Structures are given as C-alpha cells and as structure tokens.
Amino acid sequence: MAIPDLQHPAKARVARLYWPAVGDYLPGVPELPEVEVLVRSLAPLLTGRTVSAVHVRRPKLLAPTSTRQLTRALVGGRFLGVARRGKYLLFTLQSLAQPAPLLVVGHLGMTGRMFLRPAGTPTTKHAVVVLKLGQEDFVFEDARGFGRFTLDTGALGKLGPEALGPEFTVPYFAQALKRSSQAVKVKLLDQSLVAGIGNIYASEALFRAGLSPRSPARRLKAEQVSRLWRAIREVLDEAIGWGSTVRLDYPGTARRDRLFYYGTVEGEFGTERLRVYDHADEPCPRCGTLIARVVQAARSTFFCPVCQRK
DNA sequence: CACCATGTTCCTTG
DNA sequence: CCAAGGAACATGGT
C-alpha cells in the first residue's frame with residue numbers, strides 16, 4: 001500500500017496542543033513517543049542534580065510507597081539518569097539511604113505532566129510531587145490522578161518487549177497474535193504483548209498498515225503481521241522525531257508548551273500529524289472516504305472503512 | 001446534570 | 001493456569 005505523504009497533507013491543518021496548559025485540557029494522552037520525548041528532555045535537566053526536599057501533595061499516586069518512604073529515599077539523593085520503559089519513566093538516583101542506585105517509577109496516566117520551573121513558583125492546583133533542586137523545582141502534576149510516582153517497580157515486570165526494541169521482532173509478534181481471538185486493535189493496547197502503544201498510535205499503525213482494527217488477531221496472515229510490525233515502528237519513530245524537533249519550552253505560561261501535537265483545531269502550533277485518530281466523519285487522507293469511529297473494549301477506534309477492509 | 005474520555009488494575013466468568 | 005470482558009479509579013469538558 002502506498003504510504004500517504006505525511007509531511008505535505010493535501011489539506012494542511014494546524015494542530016492543537018497535546019498537553020495544553022492547566023485549565024485548557026483537550027483529549028489526548030501520552031504514549032511511548034510522548035514519554036520518550038519527555039525523557040530525553042528531562043535527562044539533561046535532572047542528571048547530576050541533588051534533591052534537597054520533597055513535597056507530596058497527593059500521596060495516593062505514590063502507593064504503595066508512603067510519603068515518608070519516598071522522602072527518606074530521595075532527600076539528599078542525586079539523579080543519575082532518566083530512562084523509559086513502555087509508557088513509564090524511570091528515574092535513577094544515588095540515594096543517601098542505600099548504596100545501590102534507587103529507582104523511581106513514574107507514569108503520566110492520562111493527564112500527567114512533568115517539568116522544571118523556578119523555585120518559589122506557587123504550587124499548581126494539581127501538583128502531585130515537587131522535588132526541590134536548589135534554584136529549580138521538579139514538578140509532577142496530574143489533574144485526573146491516574147499517574148504514578150513510586151518506588152514500586154512491580155508494574156515493570158508485567159510489560160512485554162519494547163515496541164521499538166530489539167526483542168519486539170516479527171516472529172515474536174506473529175506468535176503472540178496467534179494466541180488471541182480478540183480484535184487486533186485490542187491486542188495492540190495490551191502492554192504485556194508489546195509495551196508503549198496506546199489508543200492513538202494503535203489506530204494510526206493499523207491505518208498505515210491498511211488493516212482492519214476488527215480483524216481477529218489470530219487471523220492475520222504472515223504478510224499482514226509484517227506490515228503491521230513495520231507500521232508500528234514507523235508511526236512511533238516518526239512521532240518521536242516530530243516531538244524532538246520541537247523546542248522544549250516547559251509550561252508556566254499558556255501557549256509555550258510545544259512538546260506534543262495532534263488534532264485539528266486551528267492555531268499556531270504546527271501541522272496536522274495524525275491521519276485517523278479523532279478524525280471521525282472527516283475524509284480519509286488516502287481515499288477520501290469518511291473515517292469511521294467504533295468502540296472496542298470501551299475505547300474509540302478510528303479507521304477508514306475502505307483502506308482498512310478485512 | 002449526566003455522561004464521556006482515558007491507562008491500568010482488579011475482579012469475575014468461562 | 002489463561003483469555004476475555006467489564007468495572008473501577010478521578011475529574012475536567014461537553
């Protein structure tokens with residue numbers, strides 16, 4: 001299937017902010033590419049910095065770690081690095097409390113954000129954790145509270161291979177899909193099968209591969225599995241590339257957070273990126289047929305009924 | 001005001 | 001034990 005030209009869409013539109021300023025929330029949730037871009041931007045800002053104090057505003061998001069445990073572990077600690085596993089952020093620190101490097105596991109949930117801001121800035125309404133780093137504060141805020149910031153690493157063990165990693169191979173993918181009668185779209189969201197894909201890029205990958213989201217996973221032919229595997233890597237790689245080419249301004253003022261893009265609202269934030277997600281009843285960029293929206297496993301799926309026949 | 005959106009976890013059912 | 005399906009969680013937006 002010919003891959004439509006993403007860089008020069010026939011009908012250029014302007015995107016809306018992926019993570020707008022607080023008080024201006026729009027649909028959209030961070031997946032692997034957004035977390036990767038965030039990790040790359042946070043790593044140089046945090047590495048080497050020492051935590052002088054910890055303020056916990058919403059202890060629930062640390063569970064099962066207590067405020068006291070997190071504080072004891074982090075105060076006096078020094079950041080060694082920031083990495084990513086699936087949609088999780090991994091912060092490693094040299095703690096005063098123990099000789100071995102300490103791992104803090106973060107997750108943005110649906111509305112989480114992490115950024116640095118000058119020390120002394122008033123705490124925002126949805127702040128979960130604030131780490132004092134001398135001249136600056138590292139802030140994790142989350143309006144809806146599905147995110148995490150914890151010493152508990154249990155969730156990591158349940159993750160399948162990284163979507164962009166060497167262990168996610170075509171043979172592995174084919175084997176994993178063969179075991180399920182569920183729709184392929186639903187399986188793409190299964191973090192134990194492959195880690196990092198969420199609702200947005202699942203629809204995008206299936207569109208790129210020209211496959212129906214409703215095909216039962218085990219019915220895909222070898223050639224279709226290969227195409228989907230390739231589409232997943234391309235879609236995620238491209239999204240990371242877009243994010244990392246954008247200047248990384250951290251929030252503080254509205255309209256300066258330019259990290260992530262998607263959507264169709266007119267604005268000054270860049271060019272439309274996504275081809276089917278949230279585009280119900282708009283023309284398919286490839287054939288012009290109206291994009292359909294269906295619900296699978298209680299999540300919206302967007303696809304072109306013509307380009308993505310069973 | 002009722003309902004929607006969403007990632008993850010937990011619970012139930014087969 | 002596993003696969004599948006659905007509820008629960010939380011809360012701003014519509």
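Author: Let's start with a term: a residue is buried under 20% relative accessible area, exposed over 50% and partly exposed in between, using a 1.4 Å probe and protein chains only. Helices (H or I, at least four residues) and strands (E, at least two) are DSSP runs, numbered from the N terminus. Now take strand β2, residues 53-56. V54 and V56 make up its covered face, while A53 and H55 form the uncovered one.

Reader: Before we go on, what kind of model is this?

Author: It's a predicted model, where local features need pLDDT of at least 70 and side-chain atom pairs count only at pLDDT 80 or more, while totals for chains, interfaces and linings use all residues. Residues are numbered from 1 along each chain as its sequence is written, chains are lettered from A and ligands numbered from 1 in the order in which they are written, and side-chain values use heavy atoms, with hydrogens and water left out.

Reader: How many helices and strands does chain A have?

Author: Six helices and twelve strands. Of the 310 residues in chain A, 53% are buried.

Reader: Which strand does β2 pair with?

Author: Strands count as paired if DSSP finds at least two bridges between them. β2 pairs with β7, residues 127-133, in the antiparallel sense, over four bridges. In that pairing, A53 sits opposite K132 of β7.

Reader: And how do I read a whole sheet? In what order do the four strands of the open sheet come?

Author: Follow the neighbours: the order is β3-β4-β5-β9, with antiparallel pairing. β3 (78-85) and β9 (148-150) are the edge strands with a single partner each, so one side of each has no neighbour in the sheet. On average, neighbouring strands here are turned by 20° against each other, direction ignored. For angles, axes are lines fitted to C-alpha atoms (for helices over the stretch in contact), and values run from 0 to 180 degrees between N-to-C directions. β3 and β4 (residues 88-94) share seven bridges, again antiparallel, and F79 stands opposite L93 in β4.

Reader: Which strands does helix α1 touch?

Author: α1 (residues 32-46) packs on the sheet against β3 and β4, and its direction makes about 165° with that of β3. Helix α2 (residues 67-74) packs on the sheet too, touching β4, β5 (102-107) and β9, at about 125° to the direction of β5.

Reader: How about the sides of a helix? Which residues of α3 are buried?

Author: In α3, residues 170-178, they are F173, A176 and L177. These three span an arc of only 95° around the axis (taken from the directions from the helix axis to the C-beta atoms), which puts them on the same side of α3. Turned away from that buried side is the face with exposed P171 and K178.

Reader: Then why is α5 described as largely enclosed?

Author: Because eleven of the eleven residues of α5 (residues 199-209) are buried, the helix is largely enclosed by the rest of the structure. After α5 comes G210, with a positive phi near 70°.

Reader: What happens in the hairpin of β11 and β12?

Author: There are two residues between the strands, and A297 takes a positive phi near 50°. β11 (292-296) and β12 (299-303) pair antiparallel over five bridges, with V294 opposite T301. Q296 belongs to β11 and counts as buried at 10% relative accessibility. The side chains of Q296 and T301 are joined by a polar contact of 2.7 Å. That term means a pair of N or O atoms within 3.5 Å; within protein, one must be able to donate a hydrogen and the other to accept it, and residues adjacent in sequence count only if both atoms are side-chain atoms.

Reader: Last one: how many residues surround DNA strand B?

Author: There are 15 (near means a heavy atom within 4 Å), and the closest are H107, M110, Y277, R293 and R299. A phosphate oxygen of DNA strand B is 2.4 Å from an N or O atom in the H107 side chain, and for the side chain of Y277 the distance to a phosphate oxygen is 2.3 Å. R144 brings a side-chain N or O atom 3.3 Å from a base nitrogen.

Notes: Contact means heavy atoms within 4.5 Å.
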